[in-house]
Amino acid sequence: MNTSDHPYLFILLLGLSAVAFALIPLGLAWLWAKKYSPKKENAIKNATYECGLESKGDAWIQFKSEYYLYAIIFLIFDVETIFLLPFAVSFTGLGVGAFISLMVFLFLLVSGLAWAWLKGVLTWK
Amino acid sequence: MIESVNNWLNGLSPAQSLLLFTSIKAVVCFAIMMTMFAYTVVLERRLCAWIQDRIGPNRVGPFGLLQPAADGIKAFFKEEMTPAHVRKVFFTLAPMIALIPAVLNLAVIPFGSTLGKQHMVLADLNVGILYTFGIVSLGVYSIVLAGYASNSKFPFLGGIRSSAQLISYEIAMGMSVIPIFLFVGDLNLNSVIKAQTGTQLGFLPNWFVIQSPMTFLAFCIFLVAAFAETNRTPFDLPEAEQELAGGYNIEYSSIKFAMFFMGEYCNMILVSAMMVTLFFGGWTLPWFGLDHAATTLLGGVLHIGIFLGKVFLFLVMFVWIRWMWPRFRYDQLMDLGWRRFIPLALANILVTAIWLWWQSGK
C-alpha cells in the first residue's frame, strides 16, 4: 500500500482536519470570552454599521438584476469548461472525428457567448 | 539513537508508515503555509511603507519580525462580539468556509520531488487540477454568506459584487489553463511539471510561460484572473474602502475577522503556488540537473527551497502591484472578464488545438 493507492482517503482526513482548524480558534476564542471577558453590549455597539449614520430601513435592498444574469451565464460556462478539460487531456490520442466534435463543442460555447453579447447582457449598465 | 529510530521505521507496516509520513508532511506543509502567511503580511506592510516613504511596523521583535504574533494575539483577545442584527449561524459559518478551502487546496500541489523515499505531494490525485478548481469555487460561499448573514447594507453590496467578480473570473481562469493540458495530456500536476523539464535554445528554461505563444497567453490570462480571484488590487472591488467602507467583512471583528484575513492571504499563497506549478516549472530549475527527482536528501531539500523561492517571488509581485496600481471600475472589471478574457481564452484553446492537430500530422 502506498500513497497513490488512497489519495482520496487522505483528502477526507485533510478535510476533517481543515474543519477542525477552522473550529478550534473560534471555539477557543468563544471559551475565553465566556470565562474572562464577558460581553459588554450596548445598543450602539449592536447597531448596523453604516459609517456613523443612523441606519434607515432594511438591509434587504433591491440590487441590479445584472448580477443575476451573470450568475446564470456563469453556471452554463462553468459546466462547459469542466467538460473541456477531459477533452484536452485525451486530445492528442484522438482522431479526426474527435477533433471535429471538439470544434463543434467550442462553436456551441462561442455562439452562446456571442448571443449573450449581442443581447447586451454582458454590457454593464 | 538514530539506528533505533530507523529500525522502528523499517518495522512499521506500509499502512502505518503511510499514515505517519502523510501526517508529518501535512503538518509541516501547513506550518510552512502559516509561516508564509504571517510573513507575507509583514512583507506587505513593510514594502508598502517603503513605497510610501514610511518605515512600517518595526517595534515588535528585531526588525518587526514578531509583528504577526502580536497581531494574532491581539485578534484573539479582542472582544468576541456578534452584532444583534446578524443571522448567527451563517455569520459564524462564513469565516470557517473562508479558511477550509485554503487548507484543502494544499493537498495536490507538488512542492518538491522526493525526500528519502517520500514523494513531496500530499495527495497525488490524477485529477489534480479539477480538484483545485472545485475547491477554489467553494471560496465564493464564504463571501456570499458573509454578505448575506451580516444583514447590513455595505456587506450586502460588497458580497454580491464580490461573488459576481469571483464567478466571472473563475471561468476565465478555468479556460486559460486548458491549452496547458492540451500540451500535457494529463490532469495530474506532477505530469505538468514533467512536461516543463529540460531547456530550449540550449539555456532557456522549458517552462510553459515561454514554451510557446499560446502558453504565454494562457499565463497572462491566468495571472489577471488570479488577481481577481484573490481580491487583490487592481481588482479589490469587494473591499473598495471609499465606496463600501470595507465590503463583506465590515460587521466582523476579532478572531472572525482574522480568519477572513488568513483565508485571503492563504489563497494568495496557493494561487502563487499554482502559477509556479503550471507555468514556472514547479520545483525544477533547468540547470545543473535540478529538473530530475532528487536522489539525495540535500537535493530534495533544495527542490523544496526552489519551489518556495519561486512562490515567494510571486508573493512579492502581488504585494508590489497592490501599491502601484489604481482600482478598476466595476463595469470595466466585468467587461474585461466577459468580453475580453473569455473570448481570448476560447480563441487560445482553438488555436492550440489546431496547432497540435496540425503538428501531429493527422
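Which residues touch the most other members of the largest nonpolar core? Of its 125 residues, these are B:Leu99, B:Ala172, B:Ile180, B:Phe181, B:Ala225 and B:Ile269. The model is a predicted one, in which local features need pLDDT of at least 70 and side-chain atom pairs count only at pLDDT 80 or more, while totals for chains, interfaces and linings use all residues. Residues are numbered from 1 along each chain as its sequence is written, and chains are lettered from A and ligands numbered from 1 in the order in which they are written.

**Nonpolar core**

- A nonpolar core is a set of buried Ala, Val, Leu, Ile, Met, Phe, Trp, Tyr and Cys residues joined through C-beta atoms within 7 Å; a residue is buried if 20 or more other C-beta atoms, placed from the backbone, lie within 10 Å of its own.
- With 16 residues, α12(B) gives the most to this core.
- Leaving aside residues up to four places away in sequence, B:Ala172 touches B:Ile221, B:Ala225, B:Gly337, B:Phe341, B:Ile342 and B:Ala345; contact requires C-beta atoms, placed from the backbone, within 7 Å.

**Chain A**

- Chain A has 4 helices and 0 strands, where helices are DSSP runs of H or I with at least four residues and strands are runs of E with at least two, numbered from the N terminus.
- The radius of gyration of chain A, 26 Å, is well over the 14 Å that the globule rule gives for 125 residues, so chain A is more spread out than a compact globule; the radius is taken over C-alpha atoms, and the rule is 2.2 Å times the number of residues to the power 0.38.
- The C-alpha trace of chain A spans about 70 × 55 × 15 Å along its principal axes, and 16% of the 125 residues count as buried.
- Mean pLDDT (the predictor's confidence in each residue, from 0 to 100) is 79 for chain A, with 95% of the residues scoring at least 70.

**Contact between the chains**

- Chain A contributes 54 residues to the contact and chain B 66 residues.
- On the side of chain A that touches chain B, α1(A) provides the largest share, 15 residues.

**Helix α2 of chain B**

- Helix α2(B) has 38 residues (14–51), which at 1.5 Å a residue should span 56 Å; its end C-alpha atoms are 53 Å apart, which agrees. The expected span is 1.5 Å times one less than the number of residues.
- Its buried residues include B:Met33, B:Phe37 and B:Arg46.
- The buried residues of α2(B) pack against α1 of chain A and against α3, β2, α12 and α13 of chain B.

Key
Two residues are in contact if their C-beta atoms, placed from the backbone, lie within 7 Å. A residue is buried if 20 or more other C-beta atoms lie within 10 Å of its own, exposed if 12 or fewer, and partly exposed in between; C-beta atoms are placed from the backbone.
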